[in-house]
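Let's take a walk through some aromatic pairs and one of the sheets in this structure. Have the sequence and the model open alongside.

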Amino acid sequence: MDSDGDVAMTHEGLDWKFSQVFGERAAGEDLQEVDIISAIEFDRSGDYLATGDRGGRVVLFERTNRTNDGGHRKVQEAMDCSSSQHPEFHYKTEFQSHEPEFDYLKSLEIEEKISKIRCCQTANNAMFLLSTNDKTVKFWKVQEKKIKKVCNFNLNPQKPTSNGFLTTSSEPTSFKACFTNGGCNVPLRGVTSLHLPTITSNETSLLARCRRTFAHAHDYHINSISNNSDGETFISADDLRINLWNLEINSQSYNIVDKKPANMEDLTEVITSAEFHPSHCNMLAYSSSKGSIRLIDLRQSALCDTHGKLFEEQEAPGSKSFFTDIISSISDIKFAKGGRYILSRDYMTLKMWDINMGSGPVATFQVHEHLRPKLCDMYENDAIFDKFGCCMSGDGERVATGSYSHLFRVFGCSEGSTEATTLEATKNPTRRQIQTPPRFSKSPGNSSHGGSDDISGNSFDLTTKLLHLAWNPSENLIACAASNSLYMYYA
């Protein structure tokens with residue numbers, strides 16, 4: 001794989017370096033729509049990475065420099081491994097997860113595009129994952145299968161005669177007794193002893209098998225799936241409903257959140273993202289188009305329309321505009337590893353929420369503040385409706401999200417940190433010499449540090465957007481999708 005030692009410009013932060021790229025286009029090569037990456041996810045160990053694309057395919061990558069020991073990272077640290085031993089991945093396998101469909105009752109085409117992927121718990125050296133398009137969730141098992149080969153036959157290869165029978169020079173054909181097995185005539189006379197052929201299984205092949213298909217439960221497009229820490233259940237969410245499934249039962253699901261009003265004209269907000277708590281199997285959070293996050297407890301009621309906690313930021317007096325509701329819509333939420341904090345991404349900012357504090361976000365990171373004067377233009381070309389994802393480091397010290405021109409930003413979120421890094425998804429992440437102000441504000445008080453909100457003097461390309469990225473849960477390694485290319489950076 002290609003590597004590069006260029007260091008990104010940071011403010012009291014990590015030095016991010018280019019690690020690998022998969023699927024990079026050659027100069028002049030046309031971009032195929034089906035090859036654009038639409039989902040990305042690390043498994044809990046960080047040793048596997050799964051991506052989905054608009055063609056309905058799932059591609060798996062495996063870490064190269066890993067050991068079979070689950071605690072290999074501690075061992076490597078104890079051995080004081082050199083910095084050159086950064087995580088590297090190699091292509092493992094791919095399979096077709098979804099095919100294009102047509103709903104004849106609604107006269108609706110259902111795209112094969114993978115919208116979300118979630119890795120489940122591994123068992124018996126098999127990898128399990130959930131993938132979904134707009135309507136159907138599938139549960140996949142990927143496992144290595146040994147290929148059996150039969151060798152060491154009783155007879156050496158012999159030349160057949162014109163009539164198709166095998167002959168030897170040591171014995172006349174008339175004295176040979178033959179039997180037929182599957183159309184093959186094998187001589188028995190002249191063989192001193194018979195033995196069973198040897199079966200070897202030295203080679204292995206990866207086999208992906210769909211174990212369950214969870215369909216016909218959503219009237220609207222699925223925007224989220226999240227597997228539970230109990231290893232048995234998962235949720236799927238669309239604009240108005242959240243359903244709870246058992247991984248072993250695809251014939252029924254339980255509707256746990258229903259936001260559909262009796263009269264659709266009374267609809268004021270929709271569900272935009274949903275996520276299970278990383279350790280409490282009874283808790284989950286979901287976000288809305290109004291910029292709020294609701295935390296619910298499945299133990300309180302079978303139908304959790306009433307939330308346990310509500311997290312939202314109060315509008316400043318006189319700040320409401322035509323675009324306020326649009327830019328405040330949350331496109332993605334992620335729980336921190338410990339489960340105390342929730343990271344949310346709206347069009348303009350990243351916000352960090354403490355589930356023990358409902359007064360407002362504990363930290364706000366400005367991402368697109370420099371685009372505020374251009375919101376009218378962004379509305380005209382629909383860019384204002386782009387849905388950017390977000391991710392958080394395994395230690396909870398840093399957060400990251402994407403932007404336009406294939407840029408992504410990394411912020412430090414520990415107390416007193418002013419770390420702010422902007423990288424471009426290329427082999428040279430600082431090719432454009434991007435200047436990044438440490439734009440960081442904390443609540444209460446919304447105090448901010450840094451100067452101008454314009455992160456670059458360069459013009460932005462709204463057609464090259466970095467929507468999907470993931471942070472390795474156990475390494476400072478970020479994987480991000482730039483069109484059909486998968487870029488990885490380490491620090």
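Predicted model: local features only at pLDDT ≥ 70, side-chain atom pairs only at ≥ 80, totals over all residues.

How many aromatic pairs does a search of the whole structure find? The search turns up 22 of them. Let's pick out two. A pair of aromatic rings is described by the distance of the centres and the angle of the planes, and that's how the table sets them out.

| Pair | Centre distance | Plane angle | Geometry |
|---|---|---|---|
| Phe-214 and Trp-245 | 5.2 Å | 70 degrees | edge-to-face |
| Phe-408 and Tyr-489 | 5.5 Å | 45 degrees | tilted |

Phe-214 and Trp-245 get the edge-to-face label because their planes sit at 70 degrees, and the cut-off for that class is over 60. This pair links distant parts of the chain, with Phe-214 in strand β13 (residues 198-214) and Trp-245 in strand β16 (residues 241-246), 31 residues apart. Are the two residues buried or exposed? Phe-214 is buried, and Trp-245 is buried as well.

Phe-408 belongs to strand β28 (residues 407-412) and Tyr-489 to strand β34 (residues 485-490), so the pair ties together parts that are 81 residues apart in sequence. Phe-408 and Tyr-489 are both buried.

Strand β13 has another residue to look at, namely Arg-209. Arg-209 counts as partly exposed because its relative accessibility is 45%. Leaving out residues up to four places away in sequence, Arg-209 touches Phe-139, Trp-140 and Lys-141. The C-alpha atoms of Arg-209 and Phe-95 are 9.2 Å apart, although 114 residues separate the two along the chain.

Strands of a sheet pair through backbone hydrogen bonds, either parallel or antiparallel. Between β16 and β17, which run antiparallel, there are 5 bridges. Leu-244 stands opposite Tyr-254 in β17.

Methods
Residues numbered from 1 in each chain as written. Heavy atoms only, no water. Phe/Tyr/Trp six-rings, centres within 6.5 Å; stacked < 30°, edge-to-face > 60°. Helix = DSSP H or I, 4+ residues; strand = E, 2+ residues; numbered from the N terminus. Buried < 20%, exposed > 50% of the residue type's maximum accessible area, 1.4 Å probe, protein only. Contact = heavy atoms within 4.5 Å. Pairing = 2+ DSSP bridges.
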